[in-house]
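Have a look at the model, then read on.

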Amino acid sequence: MAESFTALGIVRSGSANPTGRTGASRAIVVVVLAALAGVGLLLATFQSQPPRPPTPKIVMIGIDGGDWRIIKPLIGKGKLPNLARLANEGTSGTLTSYQPTMSPQIWNTIVTGKHFLKHGVDWFAVRLDDLGQKAELETKTPLMPITSAARKVPALWDILSQAGDTVGVIGFWATWPATKVNGFMVSDRFSYSRYNKLGGADQYLEHQTYPAELVEEIREFVVSPDSITEADRARFMSGQVEADDWRVNHDIVGEFDITYAQSETYRRTGLHLLAERQPDFLAVYFQGADVTSHYFWEFMRPEQSGHDIPEEQVQQFSKVIENFYVYQDEVIGDFLEQIDDDTIVFVVSDHGFRDLPFTERGQPHISGWHRLDGIVSIWGKGIRSGITLSDVDVYDITPTILALSCLPVAQDMQGRVIEEAFIDGQVCPTTYIESYTELPAVPNVDDLQTPMDDAMLERLRSIGYIGE
Ligand SMILES: [Zn+2]
């Protein structure tokens, strides 16, 4: 109980006292109401806070699998001017992940500040039984890609929305069906809505976005994998790519097309919505560094692959990963061009990458695998220059963004505020509450199964993320 009083100190300090009770007994009332209503604590907290001072806008760019061991040599060659600028003018360092480094789990840790056993997004796929929605079923229901119904705690965008900030979310894991925010959400299924490459659903658009009608505004920005041409690929890989050249009976060039199309979809959508809506908080996700690192790693490091790779394939594919980082840097530059001076930019990854020698592979075409060391760069108003961060991990991003937004950090978040990145006096002092509990309603979609599930699961199997 003592801990609760400490946590609720912030509630007491800023609030009027309509009941005339002492601060301590009012805190008990708040605790009881919170326990009864589930949402009381959050509302009481926000309503009782003094008005927040203006805070900078925040743009968070997620680079799945981003790794300094790729980035730093390319910065040295002058090939990543935007990531170089963020690192030199801002604060950056290694963002430590945790095992298992599976993207849905870690990204949801990044946006909740909690371990996956607490936030609930525990895998790439889920069975309805496990969601607790069909407890009466005796047999296991079919496997389906993870959905937003799995998240058991509010995400950063929920907390910011409830505090009155406008938010935009594009492409993050476990955001379909799109949930209500104070702004817009483009779900992680949006780029699959034209998922032709593996024979998936062509135009399954239900709940792709919040608000629902947003999908009509942005569907012109969807790039289909089938539209990617030899000319598009030329900046990433060399030579004429024929189906027979693709290794180990796996269409790694087709995988490239899918991830490049998805990146272009989110780039075009993100830039449009940033320009049109200018949300207080924008989070946009890119998967291509991860996908290219899984499929093309051994061509970049053939000596470490543990087997012989035909020289012409090395020639053809050795630069795919580097060239994708160069492209990704341009995308980051596009976003930097559209923000105003009053903005803080986060670039974060959920893990880095390492060699996966041939003898250790589950699937022969997967030659790069995750390692714990990811990346973080923080840049912009109120952020120190040229500082190298140490001892920061994936739990720290949500507390840090809350602090920069002048909102309390929850004590049930595992991470800390990266205060060493802040210029003294330019960021609100960090305050705490016990917990954020208010969850968005998840649209009730028929059994949460969709026509695109099979194609999505097939792709997750191909990359070695799920078995069977
Ligand atoms: Zn990942």
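Q: Are α12 and α13 roughly parallel or roughly antiparallel?
A: In this predicted model, α12 and helix α13 (residues 288-300) pack at an angle of about 170°, with axes 9 Å apart. Axes here are lines fitted to C-alpha atoms over the stretch in contact, and angles run from 0 to 180 degrees between N-to-C directions. Angles under 35 degrees count as roughly parallel and over 145 as roughly antiparallel. The pair is therefore roughly antiparallel.

Q: Which residues of α13 make the contact with α12?
A: Contact takes C-beta atoms, placed from the backbone, within 7 Å. On the α12 side you'll find Ile252, Glu255, Phe256, Thr259, Tyr260 and Ser263. Their partners in α13 are Gly288, Val291, Thr292, Tyr295 and Phe296.

Q: How far apart are the axes of α12 and α15?
A: Helix α12 (residues 252-277) and helix α15 (residues 320-338) pack at an angle of about 10°. That makes α12 roughly parallel to α15. Their axes are 10 Å apart.

Q: How many residues of helix α7 are buried?
A: Buried means 20 or more other C-beta atoms within 10 Å of a residue's own, with C-beta atoms placed from the backbone. Helix α7 (residues 103-110) is largely enclosed by the rest of the structure, because its buried residues number eight of the eight.

Q: Which helix of residues 397-404 do the buried residues of α7 pack against?
A: Those buried residues include Trp107 and Ile110. They pack against β1 (57-63), α8 (116-119), α13, β9 (343-348) and, for residues 397-404, α16.

Key
Residues are numbered from 1 along each chain as its sequence is written. This is a predicted model: local features need pLDDT of at least 70, side-chain atom pairs count only at pLDDT 80 or more; totals for chains, interfaces and linings use all residues. Helices (H or I, at least four residues) and strands (E, at least two) are DSSP runs, numbered from the N terminus. Angles under 35 degrees count as roughly parallel, over 145 as roughly antiparallel, 65 to 115 as roughly perpendicular and the rest as oblique. Two residues are in contact if their C-beta atoms, placed from the backbone, lie within 7 Å. A residue is buried if 20 or more other C-beta atoms lie within 10 Å of its own, exposed if 12 or fewer, and partly exposed in between; C-beta atoms are placed from the backbone.
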